[in-house]
Amino acid sequence: MRFGVVVFPGSNCDLDAHHALGAVLGQPVRYVWHRETDLHDLDCVILPGGFSYGDYLRAGAIAARSPVMDAVGRFAEAGGLVIGICNGFQILLEAGLLPGAMQPNADLLFHCEFVHVRVENPATPFTRLCRSGQVLRLAIAHAEGNYYAPPEALQGLEERGGVVFRYCTPEGEVLPEANPNGSVANVAGVINEAGNVLGMMPHPERCAEEVLGSADGRFILESLLAGRTGR
Amino acid sequence: MAWLAKVIVMPRPGVLDPQGQAVRGALATLGYAGIRDVRVGKYVELRLDTEAEAGTVREQVEDMCRRLLANPVIEEFRVVVEPDPASGVPAAGAGTAGAAPAAGTGGSRP
């Protein structure tokens, strides 16, 4: 599977994503500069974490209006796989490719820690290798991960299985105390209606090697390799 | 003609505002009583050069709000347009723009 890691001014998890996909998983991977508009050589686009444009105006707001995002929209429309991690998730929300918006963490603190998420929907290209209810230990590092969707949008999302990950205890219980940022319904990751665009706040690419504290991110990254969507 | 557009972006009513809550707590710590609520937003000033009328300038700036300056899911905006005082043009008063808060509140419910 051919991966492209988009680099915006201020992205800082692009190298981690490239390393996880290329060095750890041995996949063809290249960087995509935010001004590029040709993605035809790729099967999966990664929008990495970081502080694109310094989070100015709103996190991900300016990056979402970069030239490459038009191309990412068309790429997604044609069935290509897109995963937005942390700032990448914020960018997908600002670009309207996923429903909802991000707000500052409820306690206004930057949370840099390991959390647990429960796989709510194992029937996605990003969770194919997971069981329903499987608990993954992943790293988060964000000050604006407080996912919000208006009640009707949230209901629609829940009904179609659009919530893919929820913050949970190590035992897999979805409780408020397991939620690091106050996100509605403990949402940690969502998928679009077509099922090919995923946004998540935790970092699977920073949890692909045991030496970093967890390799649970590989469940997500290797799910992508387990089968391509029709493209 | 030099215009000054003033944009206020605020969290939508009903949306939790953690920043506002933090500021409210800090004000209480400083000893101020009776503060029922605090909401924190953004203020943006745009200086434009155009032959367009005030109404057209307003529409243009409201468009900028919808496309970039405000996130309609969680924010609403107000726009005020007036001749730019810094450009030497007499301040509003007799002008068509006016400085009163406008009917241009954006962000209709999704």
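**View 1. Helix 3 of chain A within the predicted model.** Eight of the eight residues of helix 3 (residues 87–94) of chain A are buried, so this helix is largely enclosed by the rest of the structure; buried means under 20% relative accessible area, exposed over 50%, and partly exposed in between, with a 1.4 Å probe and protein chains only. The residues concerned are A:Asn87, A:Gly88, A:Phe89, A:Gln90, A:Ile91, A:Leu92, A:Leu93 and A:Glu94. After helix 3 of chain A comes A:Gly96, with a positive phi near 75°. Helices (H or I, at least four residues) and strands (E, at least two) are DSSP runs, numbered from the N terminus. This is a predicted model, in which local features need pLDDT of at least 70 and side-chain atom pairs count only at pLDDT 80 or more, while totals for chains, interfaces and linings use all residues. Residues are numbered from 1 along each chain as its sequence is written, chains are lettered from A and ligands numbered from 1 in the order in which they are written, and side-chain values use heavy atoms, with hydrogens and water left out.

**View 2. Chain A as a whole.** Chain A has five helices and 11 strands, and its C-alpha trace spans about 45 × 35 × 35 Å along the principal axes. For 231 residues a compact globule would have a radius of gyration near 17 Å, and the 16 Å of chain A agrees with this; the radius is taken over C-alpha atoms, and the globule rule is 2.2 Å times the number of residues to the power 0.38. Of the 231 residues, 58% count as buried, and the accessible surface comes to about 8800 Å², 53% of which belongs to carbon and sulfur atoms. Accessible areas come from the Shrake-Rupley method with a 1.4 Å probe, and for residues only the protein chains shown count as cover. Among contacts (heavy atoms within 4.5 Å) between residues at least 6 apart in the sequence of chain A, 75% join residues at least 24 apart.

**View 3. The largest nonpolar core and A:Val45.** The largest nonpolar core has 66 residues, and those with the most contacts inside it are A:Val45, A:Ile46, A:Ile83, A:Tyr147 and A:Phe165; such a core is a set of buried Ala, Val, Leu, Ile, Met, Phe, Trp, Tyr and Cys residues joined through side-chain atoms within 4.5 Å. Helix 2 (residues 67–77) of chain A provides the largest share of this core, six residues. When neighbours within four places in sequence are left aside, A:Val45 is in contact with A:Gly4, A:Val6, A:Leu39, A:Val72, A:Phe75, A:Leu81, A:Val82 and A:Ile83. A second, separate core of 16 residues includes B:Trp3, B:Leu48, B:Val57 and B:Val61.

**View 4. The loop between strand 9 and strand 10 of chain A.** This loop, between strand 9 (163–168) and strand 10 (187–191), holds A:Pro170, and it also holds A:Asn181 and A:Asn186. Apart from neighbours within four places in sequence, A:Asn181 has contacts with A:Asn105, A:Ala106, A:His142, A:Gly145, A:Asn146 and A:Tyr167. A:Asn186 is buried as well, at 8% relative accessibility, and has a positive phi near 55° in a residue other than glycine. A:Pro170 touches A:His116 and A:Val135, not counting residues up to four places away in sequence.

View 5. A:Ser11, in the loop between strand 1 (3–7) and helix 1 (14–24), is buried, with a relative accessible area of 12%. Its contacts, leaving aside neighbours within four places in sequence, are A:Val6, A:Pro48, A:Gly49, A:Gly50, A:Phe51 and A:Ser52. A:Leu57 is found in the loop between strand 3 (44–47) and helix 2, where it counts as partly exposed at 24% relative accessibility; its phi is positive, about 70°, although A:Leu57 is not a glycine.

**View 6. Chain B.** The elements of chain B run β-α-β-α-β from the N terminus on, with two helices and three strands. Of its 110 residues, 34% count as buried, and the accessible surface of chain B comes to about 6500 Å², of which 55% belongs to carbon and sulfur atoms.
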